[in-house]
Amino acid sequence: MMDESAELSVSITQIVQRLKGTHLHSQLEKQAKECLHKPEIKLETLKDDVRRLLKASGWERKLQNAVYRELHILPPPGHPRAPPEHTKEPLAYMRKAQVNWEKRILKSLNSMCTELGIPLARKRPVPEQNELTNKWNEMGTDEPDLSKFRPVYAPKDFLEVFVGLKNPNNERSEDLTVRSHWGLIQVSLNGRDIPQMREMYPELGLTYGQLGIDDHTHVPPDLFESEHIHIGKKVVSEQDSAAAQQYSRQGCPTGLRAQLWSLILNTTNDPEAITHYEQLKARVIHHDLLVDNLIYKDVKLTASNDDYYFVFEDYLYQVLLCFSRDTAVLEHFNYNCASPPKSCMQSKSGSEQCAVVYPPNGVIPFHGFSMYVAPLCFLYNEPSKLYSVFREMYIRYFFRLHSVSSHPSGIVSLCLQFERLLQTHLPQLFYHLREIGAQPLRIAFKWIVRAFSGYLSTDQLLLLWDRILGYDSLEIVAVLAAAVFAFRAENLMEVTSLASAEAVLADLSTLKVMPLLQIFLFATSV
Amino acid sequence: MSKNKQTAGHKGAYSSQKKKEGEGRSCIRYRCGLTNTIQDVLNQRPGWVEVKDDGDWDFNWCDVGWLRENFDHSYMEEHVRISHFRNHYELTRKNLMVKNLKRYRKTLEREAGRLEASKCDFFPCTFVLPSEYHIFVEEFKRSPGSTWIMKPVARSQGKGIFLFRKLKDIIDWRKDGTRSEEQKDEAQVESYVAQRYIENPYLIAGRKFDLRVYVLVTSYIPLKAWLYRDGFARFSNTRFSLSSIDDQYVHLTNVAVQKTSPDYDPEKGCKWQMQQLRRYLTAKHGFETVQTLYKEIDNIFIRSLLSVQKTIINDKHCFELYGYDILLDQDLKPWLIEVNASPSLTASSQEDYDLKYRLLEDTLHIVDMEDRLTGKEKRVGGFDLMWNDGPVHTDVGLETLGSSCLVANTHLGCVNDRQKQLQQLLKPFPGQKRT
């Protein structure tokens, strides 16, 4: 094992490598050169003077933010001799399950392609390209015939994969005892219990002010809200990523949220980002991909039918179609245990087959995927800005919700965490639900996979996502799922079937997430 | 989504109500001319009983047709209430509203100066046809290329409306043989207005929308008006573009018109709750900007009501629930499109039903047939008292504010925690125990 300082220098090297040659790098160089013209610079103290000037003009802060961002997406440290797959996912059975899953969905995609006789990718004829360019801002008005397309997979298919996960080294008896795990996830991964989470999430505690609780109508604003907004404005003017992340733990005010999230994710809307988006748009215009139809279908089925998000239909196409073609997303496979799906493409001469990543960004959309983007439309309406924020959120958090891994923010851990919390703190409820054939995870899974998007009302969802960003972890999603069950426990104890349990939990639109989380974490007796 | 329907209580035994002016009433007899949400609200109100046709009534939720035929012949005792003012059309018919507003503006300019008068500039340039045809043509020629909208004065639900850019379009229209006889007759009388079309509406995701806001007036002299916190934004189903002025579906956001649009899918909502809209705008533009916007919207209600204050026959039996249609432009300036004296009470969805139910319930609380209010309330349920012979301010302690500025008592698009407020405010219905 490497010691800490060696690990640190490896990380530093990696970050420097990644930042070299970026737009920021060239801008810093340019700024530094311009500094040389300034009269305050003295040759003897050149280095320090330039540094000082860069700090004063805010460029050091920008660099800090960029480094901070890189830290978020740094691949996990590993033994120098370990192959990358082992570093990304140390458990062999998880790796195997992920590989099998990938094979399945790719097979499903390919067979759909063969069945329908539609190529995976096709160059658009020029008239079609022109038509699409004209209709770019209103693709939602198109009514293509999507009846032949089915989503490649839905969350419940994915759940079955986890239910089948077994650690071959773990011998378990089939008997249900108090000590066994009652839930569907039968692997043992580390998870935090409530006392540990109290230490992890102190800002959610009863002695801290929160947006989502302390901005309620009957609470005078000068108790917390006014001061919090004042601090928020300062954070935004300081343009400090790390500060914004810390701030977000207590919630972002509606009027500042867009800027704060942008800061936390370090998505600047600089010319580089805009150009990148335009290039992606050009790729959409030139080529039609099979997955585009899946995207259309998903948006029509989910977001367009949602009371809040139907308005943003056009934006969703503009983001997701570009997303499919963004090869920059492939970078996240450096730390994602999944591998990008590859399809065999015939070369022009027909004699060779080569494997190319398909779709180009390596992400096959599933039923409900568009709901990751929909809430962001509330905050950003410039497509390139919206796109940057979504992409960053995907490569930091959302990808973990649909790949099999042992990562603490991975979906398997979240599901296990949820079940454990329920079993520990609501054993009677869990037992009752088990007995009537209503395993809680079967109901909660869809919430967790979407990080509650489309289930909570928008303002509550955004408050939840504030904390995901603030704590850089999806764990809070699992806690909320358990808290929801706790909240409706009384009604759930009365039900006698899975269907009625689903009915009790069908409508979450009236829930207030922060009080639920706070009560569950800090007012549950342990 | 399943939501519990509002059950305001059980109809318990009717203990005799306290005597009012020598009259004892064991229950409240109501007449209702409509068969939608209001019917449910009245039906479920404890102690209220429906009377049909010829029976005496204490309360009448009538349609304007009934009003026109019967109001002048009805004798109403002091306690009786009816849901319209006799000549409400001074506010709700487009030609009369324009006339009243223009007159009010002139008075204001004379008495208080230009600045004050400019606060009435929330109404797009409008001319009544055919009487103002010539001044209209003058204005039309002064702004070539601009788009105008022609609206029939007394129709609703978007009927008979069209857009035009060239004068010859209206000349064609007048001669158009395909219009029905009824429409042609109307054109002879003063029954159309030509209005400058707002070409830069505020768009959300490329779609145009307008706001429906509810204002309850219980008296004109002195003017007492309440503003409801809930309301909604109605979206056009298609994307906005000025190139297709013939496509009336794009430009008109009335749900009634949208329902006939070929794109319309009743499963798809085309409404956002006011709270949703306010949050969206706040996220986009910041708190202060949106605060200012809503203040300007308040201004529209107040000025429009003041402009007809002296014209409306102020009968103490009357109250009226108006549906205001407001449009925002890209500079976040609100414009008044029209005022409805009979806003639709038919629900388009469960959510819509719940909103209208709450609205009507709170309306009845304010009308207060059961005599439970003191008259000093600034808030009843989801209604905030907006104007009481003068502006109304919230009871905010001055120490909590940085400066000593007064805060208006309106909360359009804000949290509507009416249940709690009502529980604290109202005594239980007679014959009903407090739960």
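Two strands count as paired if DSSP finds at least two bridges between them. Helices (H or I, at least four residues) and strands (E, at least two) are DSSP runs, numbered from the N terminus. With that in hand, you can see that Arg212(B) stands opposite Asp325(B) in strand 13 of chain B.

What you're looking at is a predicted model, where local features need pLDDT of at least 70, side-chain atom pairs count only at pLDDT 80 or more, and totals for chains, interfaces and linings use all residues. Residues are numbered from 1 along each chain as its sequence is written, chains are lettered from A and ligands numbered from 1 in the order in which they are written, and side-chain values use heavy atoms, leaving out hydrogens and water.

- Let's start with strand 13 (residues 320-328) of chain B: nine of its nine residues are buried, so the rest of the structure largely encloses it. Here, buried means under 20% relative accessible area, exposed means over 50%, and partly exposed is in between (1.4 Å probe, protein chains only).
- In a regular strand, side chains alternate between the two faces of the sheet. On one side of strand 13 of chain B you'll find Glu320(B), Tyr322(B), Tyr324(B), Ile326(B) and Leu328(B), on the other Leu321(B), Gly323(B), Asp325(B) and Leu327(B), and all are buried.
- Strand 10 (residues 207-219) of chain B pairs with strand 13 of chain B in the antiparallel sense, over seven bridges.
- Strand 14 (residues 334-340) of chain B also pairs with strand 13 of chain B in the antiparallel sense, over six bridges. In strand 14 of chain B, Glu338(B) stands opposite Asp325(B).
- The hairpin of strands 13 and 14 of chain B has five residues between the strands, and Leu332(B) takes a positive phi near 60° there.

**A parallel sheet in chain B**

- Chain B also has an open sheet of four strands in the order 2-1-3-4, with parallel pairing. Strand 2 (48-50) and strand 4 (81-82) of chain B are at the edges with a single partner strand each, so one side of each has no neighbour in the sheet.
- Strand 1 (residues 28-32) and strand 3 (residues 59-61) of chain B run parallel and are joined by three bridges. Tyr30(B) has Phe59(B) in strand 3 of chain B as its bridge partner.

**Salt bridges**

- Side chains of opposite charge can pair when their charged atoms come close. A salt bridge is a side-chain nitrogen of Lys or Arg within 4 Å of a carboxyl oxygen of Asp or Glu, and the whole structure has 50 of them over all chains.
- Arg29(B) and Asp58(B) form a salt bridge, with their closest N and O atoms 2.8 Å apart. Arg29(B) lies in strand 1 of chain B and Asp58(B) in the loop between strands 2 and 3 of chain B, so the pair ties together parts that are 29 residues apart in sequence. Arg29(B) is partly exposed at 28% relative accessible area, whereas Asp58(B) is buried at 0%.
- Arg45(B) and Glu370(B) form another salt bridge, with closest N and O atoms 2.9 Å apart. These two residues are 325 residues apart, so to speak across distant parts of the chain, and both are buried.
- Glu139(B) forms a salt bridge with Arg196(B), with closest N and O atoms 4.0 Å apart. Glu139(B) sits in helix 6 (residues 133-142) of chain B and Arg196(B) in strand 8 (residues 192-196) of chain B, 57 residues apart.
- Over in chain A, a network of salt bridges links Arg18(A), Arg69(A), Glu70(A), Glu331(A), Glu392(A) and Arg396(A).

- Lys284(B), in helix 11 (residues 274-285) of chain B, is buried yet has no salt bridge, and the nearest side chain of opposite charge, Glu382(A), is 9.3 Å away. Lys and Arg count as positive and Asp and Glu as negative, while His and the chain ends are not counted.
- Setting aside neighbours within four places in sequence, Lys284(B) is in contact (heavy atoms within 4.5 Å) with residues including Phe378(A), Tyr380(A) and Tyr202(B).
- Ser370(A) is found in the loop between strand 4 (353-357) and helix 16 (383-396) of chain A, and is buried with a relative accessible area of 0%.
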